[in-house]
Amino acid sequence: MCTGIWGESAGSQVFHDPGDVTPLASLEHAVASGLGRPPCLVSFSGGRDSSLVLAVATSVARRERLPLPIPITLRFRDAPATYESDWQERLIRHLGLDDWLRLEFTGEHDLVGPVSSKVLFADGVGFPMNAHLHLPLAEEARGGTVLTGYGGDDVFHSWQWGRAFGALFRRVQPEPRDALRIAHLAAPWKLRRVKVRRRALRALGPWLRTHARAERLAALTSEARSMPRRWDRWLPWFARRRYLALARERYDVVGALGGAAISHPLLDPGFLGALARSGKTAGWLDRTHAMTSLFSEVLPEDFLRRSSKAYFDEALWGPASRRFIQGWDGSGVDSTLVDIEALRAIWQEAEPHASSAMLLQSAWLATEGKQPAPQPTAAPAT
């Protein structure tokens with residue numbers, strides 16, 4: 001079972017300041033290496049992040065006379081919440097792309113289905129639990145590159161001080177709650193700690209035993225305490241989070257299994273450095289403000305401002321997971337940390353808690369009785 005995703009990662013460079021370079025120019029540089037290793041496929045769901053990567057890659061390819069990127073989309077016929085066909089088709093027309101791969105599935109990408117099992121048998125349980133969604137993409141790009149929009153949600157949505165700094169710097173029309181936001185921004189840790197703990201408690205899975213909840217709460221609280229509030233300091237801090245390092249490693253494994261490099265331009269060290277420099281102390285009010293300020297040259301405004309997105313839980317918690325849950329005997333999970341019956345109850349809900357997904361994979365892998373094979377050599381990725 002994957003543990004210890006909190007804290008700071010040591011090792012590879014995850015952030016650097018490229019100097020007086022715009023975020024868009026840095027993002028163009030980040031996608032260029034993938035375009036230089038064709039075929040270059042872009043994991044394209046139609047959301048803001050994948051749309052941005054596809055639009056930038058298309059622009060760079062045309063300017064540099066490189067082979068155009070090929071959008072590739074997974075479609076799950078039994079999971080309506082994943083549908084974004086209208087947004088997808090509109091962007092493909094806007095970019096003038098003729099080649100678009102659409103792969104249709106019905107249950108194969110279940111958390112313990114045939115696609116996921118290839119990764120689980122090769123590398124055990126790891127973070128993120130849904131990295132296997134990119135295995136068919138890597139197989140289609142064999143010998144080349146897959147560009148993803150992974151990390152965009154974290155980069156543009158995780159920083160919580162945008163409105164407070166906006167009010168403090170008089171960038172927005174003030175509202176009554178702004179005084180509280182500014183007070184929270186300026187408050188010492190002892191005063192902020194109460195709110196942080198309350199928020200962390202809501203995020204904890206109800207299946208954890210008391211001492212495990214306490215340990216997890218301590219980890220989350222420590223993480224929050226170390227978090228800078230200024231944008232240009234927060235972003236380097238964010239780039240060093242251990243869960244991002246684990247995600248890169250997992251995607252490298254998936255890419256190696258499929259025979260392609262998997263690259264995440266929105267986590268590129270130079271792009272993050274340019275974002276930090278551009279946002280300075282106060283950053284942007286919110287994700288929409290950031291994207292409309294930075295990327296209006298490459299995406300239509302309604303794409304930059306949209307708030308809806310697809311959700312893939314239906315495709316992950318599919319028939320294979322449900323069958324396993326019904327026959328699960330409680331093995332494969334550490335009962336000193338986990339209340340087995342509480343976990344079983346969560347899994348039997350119509351929409352199980354996403355944070356319990358790796359526990360499901362751990363229990364399934366233990367039941368299968370197979371040990372992870374040696375990790376394949378990962379294809380190089382940006």
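**A chat about loops and helices**

Visitor: Where is the place of Arg65?

Guide: In this predicted model, Arg65 sits in the loop between α2, which covers residues 48–64, and β2, which covers residues 70–76.

Visitor: And what is its phi?

Guide: Arg65 has a positive phi of about 55°, although Arg65 is not a glycine. As background, most residues other than glycine have a negative phi.

Visitor: Is Arg65 buried or exposed?

Guide: Arg65 counts as exposed, because its relative accessibility is 78% and the cut-off for exposed is over 50%.

Visitor: What about Arg170, what phi does that one have?

Guide: Arg170 also has a positive phi of about 55° without being a glycine. Arg170 belongs to the loop between α7 (162–168) and α8 (178–186), and with a relative accessible area of 76% Arg170 is exposed.

Visitor: Switching topic, which residues does the cis peptide bond with an omega of about -5° join?

Guide: That cis bond links Pro38 to Pro39, and Pro39 is placed in the loop between α1 (23–35) and β1 (40–43). Another cis peptide bond, with omega about 0°, connects Phe127 and Pro128, where Pro128 lies in the loop that runs between α4 and α5 (135–140). In general, most peptide bonds are trans.

Visitor: Now α4, please: at what angle do the axes of α4 and α12 cross?

Guide: The axes of α4 (residues 114–123) and α12 (residues 242–258) cross at roughly 110° and come within 11 Å. The two helices are therefore roughly perpendicular to each other, since angles of 65 to 115 degrees count that way, and their crossing is right-handed.

Visitor: Which residues make the contact?

Guide: From α4 the contact uses Lys118, Val119, Leu120, Ala122 and Asp123, while α12 brings in Arg250, Val253, Val254 and Leu257. Sorted by class, this contact has six nonpolar and three charged residues, with no polar ones.

Visitor: One more helix: is α19 mostly covered or exposed?

Guide: Helix α19 is mostly covered, as nine of its 12 residues are buried; among them are Met358, Leu360, Gln361 and Trp364. The buried residues of α19 pack against α4, α17 (319–327) and α18 (340–347).

Visitor: How far apart are its end C-alpha atoms?

Guide: The end C-alpha atoms of α19 (residues 357–368) are 17 Å apart, which agrees with the 16 Å that its 12 residues should span at 1.5 Å a residue.

Key: Residues are numbered from 1 along each chain as its sequence is written. This is a predicted model: local features need pLDDT of at least 70, side-chain atom pairs count only at pLDDT 80 or more; totals for chains, interfaces and linings use all residues. Side-chain values use heavy atoms; hydrogens and water are left out. Axes are lines fitted to C-alpha atoms, for helices over the stretch in contact, and angles run from 0 to 180 degrees between N-to-C directions. Helices (H or I, at least four residues) and strands (E, at least two) are DSSP runs, numbered from the N terminus. Angles under 35 degrees count as roughly parallel, over 145 as roughly antiparallel, 65 to 115 as roughly perpendicular and the rest as oblique. A crossing is left-handed if the near helix is turned anticlockwise from the far one by less than a right angle, and right-handed if clockwise. Contact means heavy atoms within 4.5 Å. Ala, Val, Leu, Ile, Met, Phe, Trp, Tyr, Cys and Pro count as nonpolar, Asp, Glu, Lys and Arg as charged, and the others, Gly among them, as polar. The expected span of a helix is 1.5 Å times one less than its number of residues. Buried means under 20% relative accessible area, exposed over 50%, partly exposed in between (1.4 Å probe, protein chains only).
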